[in-house]
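Biologist: I have a model open and want to go through its packing. Can you take my questions as they come?

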Amino acid sequence: MNKKLAAALSGGSVLVLALSGCSDNSSDNKVNDWAKTFCNQAQPQIKKRASAEQAIISTAADGKPADIQAADSKAFQDLADVNTALANTVKAGGTPPIDDGAKVQQDAVSELQATAKAYLDLKKQVDGLNAKDQQKFADGLQGVADGLAKIEKMKQDAVKKLQSGDLGKAMAKQPGCQTVKVSSPPAGGSGSDAPSTPASPSGSASSKASSKASSEASSKASAKS
């Protein structure tokens, strides 16, 4: 059942999971210094985000609604906290050494704060589901999955600009900005997936798990009706 939400985690994971690009040498000390400062501050949030996403993905598809509800509620709260913390980190890092750095910084902070609010709204939605009725809960969870998909598609132009060009390359070289692997669980005893490779903006590793998750979500919901 919870695979509905796992399926929505395929695309635009904000900022933290999009920093595994190729690395080039940069002679600009200001760029490297900004990247190092940001990534050192962001590392705990990268790990926290990976843990929250793992909680959504690994909650048993045939688990009890109350257990799924509790796991997803905590995960959405954690994801909201991550985006709030990242917004504060971008703000505290000073003006990024890129074109229109001050505007990009301000817009990135606003985008991350908006994403945090969207996750809090999803948490409220999950908390309001009827966990005592299996079918109603499954139907409600579909709405939550739709909401998560919308978050993943939220406009993040400033965040993308922040992690592009020389600054993005410098961030990709920093250990603090390396992504954390998230594994998808075995599907009904038919085997298990290997841990995903670090995610990139294309979401290739997550898409594999998401594609399998979508089909399982449909079959689980109909089986419970």
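Biologist: Which residues is valine 90 in contact with, leaving aside its neighbours within four places in sequence?
Modeller: Valine 90 touches Trp34, Phe38, Gln105, Ala108, Val109, Leu112 and Leu162, where contact means heavy atoms within 4.5 Å. Bear in mind that this is a predicted model, with local features needing pLDDT of at least 70 and side-chain atom pairs counting only at pLDDT 80 or more, while totals for chains, interfaces and linings use all residues. Residues are numbered from 1 along each chain as its sequence is written, and side-chain values use heavy atoms, with hydrogens and water left out.

Biologist: Which members of the largest nonpolar core touch the most other members?
Modeller: Phe38, Val90, Leu162, Leu167 and Met171, in a core of 22 residues. A nonpolar core here is a set of buried Ala, Val, Leu, Ile, Met, Phe, Trp, Tyr and Cys residues joined through side-chain atoms within 4.5 Å. Buried means under 20% relative accessible area, exposed over 50%, and partly exposed in between (1.4 Å probe, protein chains only).

Biologist: Which helices supply at least two residues each?
Modeller: α2 (29-58), α3 (65-92), α4 (101-127), α6 (157-162) and α7 (165-173). Helices (H or I, at least four residues) and strands (E, at least two) are DSSP runs, numbered from the N terminus. The largest share, seven residues, comes from α2. There is also a second, separate core of 17 residues, including Tyr119 and Ile151.

Biologist: Switching topic: how many disulfides does the structure hold?
Modeller: One, counting a pair of cysteine sulfur atoms within 2.5 Å. Cysteine 39 is joined to cysteine 177, S to S 2.1 Å.

Biologist: Where do cysteine 39 and cysteine 177 lie?
Modeller: Cysteine 39 is in helix α2 and cysteine 177 in the loop between α7 and α8 (204-224), so the pair ties together parts 138 residues apart in sequence.

Biologist: Left-handed or right-handed?
Modeller: The torsion about the S-S bond is about -95°, so the disulfide is left-handed.

Biologist: Is cysteine 39 buried or exposed?
Modeller: Cysteine 39 is buried, at 0% relative accessibility. Cysteine 177 is buried as well, with a relative accessible area of 0%.

Biologist: And at what angle do α4 and α5 pack?
Modeller: About 175°, with the axes of α4 and α5 (residues 134-152) 10 Å apart. Axes are lines fitted to C-alpha atoms, for helices over the stretch in contact, and angles run from 0 to 180 degrees between N-to-C directions. That makes α4 roughly antiparallel to α5, the word for angles over 145 degrees.

Biologist: Which residues meet there?
Modeller: Among them are Tyr119, Leu122 and Val126 in α4, and Val144, Leu148 and Ile151 in α5.

Definitions and conventions
Angles under 35 degrees count as roughly parallel, over 145 as roughly antiparallel, 65 to 115 as roughly perpendicular and the rest as oblique.
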